[in-house]
Amino acid sequence: MTQVGGQRRAPEGSLFITFEGGDGSGKTTQIQKVRAWFEERGYTVLVTREPGGTEMGTELRRLVQNGPEDVDPRTEALLYAADRAYHVATVIRPALEAGTVVLGDRYIDSSVAYQGAARALGVDEIRSLSAWATEGLEPRLTFLLDLPPEVGARRKDGKRDRLERESGEFHKRVRREYLRIAEENTDRVVVIDAVGTPDEVFSEIRGVLEERIEALMTPAQAPLWDLTLEGVLE
């Protein structure tokens, strides 16, 4: 694993893409469509999520999302960070080292938006915590599926977890922070209007993939892409 400025970067030929957005934004549906897009082109793909991408993560997901209501914000943030550290060390980095395309359902931006901004723990503090937990691993590309919270709430049915039961103002703060992150990271984060149908949303995503991924490929590079995190890690 190569060191960059004291941080570990993803190996050459690897690609780590994350999907962010509020509740009901359709991340799961779009991830599966993107997975099919890559697999149709002959690439090995790993789909994972946070929390819950490992056996330990599944237990942490249960504790954080369906545990007691009195879990305080700092405990919540630390549980997410612990899950992320283990997830990166045991799932994401090994997959990237094997040349697998990794598609992540939530990553550091989620913690910054939910715990840093909406829980008012401090966006810089939460990002620093996650950077330490992951040894600085950043995705190469992030799709932010943007949706008004009231629209997302109408899409949800069945039992809601602790975060989904938060107030409308809480979810508005999450959305505002996501959009701030996107504005400050235009090289990495692409905002996708998630109000439309799944096919309409995927059409936007596919256009970005064709522009940002296939344009970087040459016959000599296929099937491995010369994509690293140089210039992305701060």
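Which residues form one aromatic cluster? Tyr114, Phe170 and Tyr178 do. Before going further, keep in mind that this is a predicted model, where local features need pLDDT of at least 70 and side-chain atom pairs count only at pLDDT 80 or more, while totals for chains, interfaces and linings use all residues. Residues are numbered from 1 along each chain as its sequence is written, and side-chain values use heavy atoms, with hydrogens and water left out.

Let's stay with the rings. The structure has 5 aromatic pairs, where rings of Phe, Tyr and Trp (its six-membered ring) pair if their centres lie within 6.5 Å, and planes under 30 degrees apart count as stacked, over 60 as edge-to-face and the rest as tilted. Take Phe16 and Tyr107: their ring centres sit 5.1 Å apart with planes at 80 degrees, so this pair is edge-to-face. It links distant parts of the chain, 91 residues apart, with Phe16 in strand β3 (residues 15–21) and Tyr107 in the loop between β5 (101–105) and α4 (108–118). Helices (H or I, at least four residues) and strands (E, at least two) are DSSP runs, numbered from the N terminus. Phe16 and Tyr107 are both buried, meaning under 20% relative accessible area, with exposed over 50% and partly exposed in between (1.4 Å probe, protein chains only).

Tyr114 belongs to helix α4 and Tyr178 to helix α7 (residues 168–184), so the pair ties together parts 64 residues apart in sequence. Both Tyr114 and Tyr178 are buried.

Arg84 lies over the face of Tyr107, 5.6 Å from the ring centre, and Arg41 lies over the face of Trp37 at 4.0 Å. The test here is NZ of Lys or CZ of Arg within 6 Å of the ring centre and within 35 degrees of the ring normal.

Now for the backbone. Most residues other than glycine have a negative phi, and most peptide bonds are trans. The bond from Glu50 to Pro51, though, is cis, with omega near -15 degrees; Pro51 is in the loop between β4 (45–49) and α2 (55–66). Arg106 has a positive phi, near 80 degrees, and at 14% relative accessibility it counts as buried. Glu135 has a positive phi as well, about 55 degrees, but is partly exposed, with a relative accessible area of 41%.

Finally, confidence: pLDDT, the predictor's confidence in each residue from 0 to 100, averages 83 over the chain.
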